[in-house]
Amino acid sequence: MKRILVLVPFLFLFHSAFSSQGHDSLLIKLNNTLEKKKDYDAGKLARIEKLQQDLNNAVNPDLNFKYNIYLELYEEYKSFNYDKAFHYAQKLQQTGDALKDPVKIAYSRIKFGFILLSSGMFKETFDTLKTVNVKFLDDESRKEYYFLTARTYYDLADFDKDNYYTLIYNVKAGKYIDSATALCKPNSFEYIYYIGLKYIKTGNTPQAIINLKKLIKNYKLTDHQFAVTASTLGDIYIRNKEPDSAIDLLISAAIADIRSSTKEAAAMTTLAQLLHKNGDVENAYVYIKQALEDAIAYGARQRKIQVSAILPVIASERINHVEEQRRVLFFYASSLTVLAIIVVVFAVIIYKQLRKLRLADKVILETNHNLQESINQLNEANKIKEEYIGYYFNLISEYINKLERFKRSVDNKLTTKRYDDIGIIVNNINLTKEREELFINFDKAFLKIFPNFVTGYNALFSEENHVKLLPNQLLNTDLRIFALIRLGISDTEKIAHILEYSVNTIYNYKARIKAKSLITNDEFEATIMAIKAI
C-alpha cells in the first residue's frame, strides 16, 4: 500500500505538466472564432458575388461604372486574395487609361502599388509609385500615396536589416509620414497610428506605446484597424521582452483578422511563434497551420515562404511533445496496471467476504422497503380517516342543528295552528343548494388532504385535455369521480349514489376520461391512487 501512495504525487505532476498555461479565456475566444471563420468568409464572398452580379447585369455600363465596381472588388480582395486583387488592380489601370482620366490613372497605380507591396515585391512597388503623378490627386488620395510609400520604405528596411541601408530607408519613410500626417486631422486614426509608427522607427518606444494604447482604449476601431494597431503594439512588447502582454494583443489581433476575413496578416504567425516559445506547442501548431492556410488562400509568395519556414519547427516540436507524452503515459499506464493487479487481488478477497453480506443486506433492504411502504400507506390512510372523520362530524353536526331548527319551527306552527306556514317552510328547503354545498365542503376537505390532486390529474393528459375549472370552482364532476376513487371508493354504484348519477353515467364518464389519457386504461386508476396526500 505504501507503493500505491507514492504514485499519487506523480499522477498530480503528470496532470500539472499538461494543463494549459495562462491566456486561457482569450485562447478559448480565438478558438471559438476560428470555428466561425467560414461564416465570416461567406459574408465577404457574398459581397463580392453581389458586386460581380451588379457588373454582369449592368446594361451597357460605361467605363466610369466599371471603374467604380473594379475599385470595390479590389478593396474586398486586397487583403483576401492576392491574385484577384492583382487582377482588379490591373483592371483599374486599364479602365483609367481608357478613360484618359489622369486622376483615375494615378489612383489606380496607388492601388496596384499596395498589392505589389503585399507580395513583397519592393522594386516593382517603387517602380509603380514613381509613375504616380501626385499633382492630380486630391488630399485623401495624396495622403494614401504618402502612407503607402512610407510603408514600402519601412517594410524594405525591416526586410534588409542592414545597419547602413535600414537607417536610410527609415529616414525616407519618416519624411513621407510627415507629408501624409500633414493632410490628416490631428485626432484621426491614421494620424495617431502613423505618428506612433514613426516613433517606433525613431526609437521613441514609450511615446509609440502611448499612441497605440490611446487608439485601442479610446477609439471605436474597425476590426482591420484594431488588428493592425494591436499587432503593432504586440511587436513592441516582443522587443521589450514582455511576451505575455504581446500574446494577449496578438490573440485579439488574430480574432479581428478572422472577423474581417483578412488573409494577408502576420498576427497568427507571430502568435504561433510566441506560444511555441512559451511551451504551448498544441495551440502553436494549430495557429501556424491556420496561418499557412491563410497564406496559401491569399497567394502571396513571401508570406507562404515565411510561414512554411516556421511550420516544420513547430511541427517537429509537436511530434517530440506527443512522443514525450506517450512515454510518460506508458510509464503511468504500466504503474496503473501493477496497481490494478493489486487492487484486483484485494477485490477478489473482499468480494468473497462481502458477497454474503450483500445478500443479507438485500433481504434487509427489501424488508425495510416493504415495511416503509406499508407504514406510508397506513399513515396516509390514517390521515385521510382523521380528516374525513372530522369533516363528516362537523357536517353531521350542522345538519342536526338545521333539523333541530326545522323541528322547532314546525312545532311552533302546529302549536299556533298555522298549518299553511308549515308548507311554506317545507317548500323553502332547497335540496339542490344543500347538495351543492355538500359537494363544496367535500371539495374543500379533499383538496386539503390532496392539494396537488388537480395538477397530478392533469399530468395524465395532453394540454388540450387538461381540466380547466371555472372561477371559484374547486372540483368538477370528472375530478370528483376520481377523487372518490383516490379515497378508496372504487365501487361504481357507490360513486353513482354519492354523486346522484346513474351507474351507466358514471361508467360513461370514466370511459370518456380514460380514452383521452396519455396512459393505458389499465394503469389509469393505479396512477390516480399514486397521487400523494399532503
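Start by selecting helix α14, residues 267-277, which is mostly covered, with 8 of its 11 residues buried. Buried here means under 20% relative accessible area, while exposed is over 50% and partly exposed is in between, using a 1.4 Å probe and protein chains only. Helices are DSSP runs of H or I with at least four residues, numbered from the N terminus. Show the side chains of Ala267, Met268, Thr269, Thr270, Leu271, Ala272, Leu274 and Leu275: these are the buried ones in α14. Then step just past the helix to Gly279, which has a positive phi of about 95°.

A word on what you're looking at: this is a predicted model, where local features need pLDDT of at least 70 and side-chain atom pairs count only at pLDDT 80 or more, though totals for chains, interfaces and linings use all residues. Residues are numbered from 1 along each chain as its sequence is written, and side-chain values use heavy atoms, with hydrogens and water left out.

Next, pick Asp41, which sits in helix α3, residues 37-57. Is Asp41 buried or exposed? Its relative accessibility is 12%, so Asp41 counts as buried.

Now jump to helix α20, residues 477-486, where 10 of the 10 residues are buried, so α20 is largely enclosed by the rest of the structure. At its N-terminal end, look for the cap: a side-chain oxygen of Asn476 lies 3.3 Å from the backbone nitrogen of Asp478. Just after α20, Gly488 takes a positive phi of about 100°.

For the last stop, select α9 (residues 165-181) together with α10 (residues 189-201). Their axes come within 10 Å and cross at roughly 160°, with axes being lines fitted to C-alpha atoms over the stretch in contact and angles running from 0 to 180 degrees between N-to-C directions. That makes α9 roughly antiparallel to α10, a label for angles over 145 degrees. To see the contact, show Asn170, Gly174, Ile177, Asp178 and Thr181 of α9 against Tyr191, Tyr194, Ile195, Lys198 and Lys201 of α10.

Methods
Helix = DSSP H or I, 4+ residues; strand = E, 2+ residues; numbered from the N terminus. Parallel < 35°, antiparallel > 145°, perpendicular 65-115°, else oblique. Contact = heavy atoms within 4.5 Å. Polar contact = N/O pair within 3.5 Å; in protein donor to acceptor, adjacent residues only side chain to side chain.
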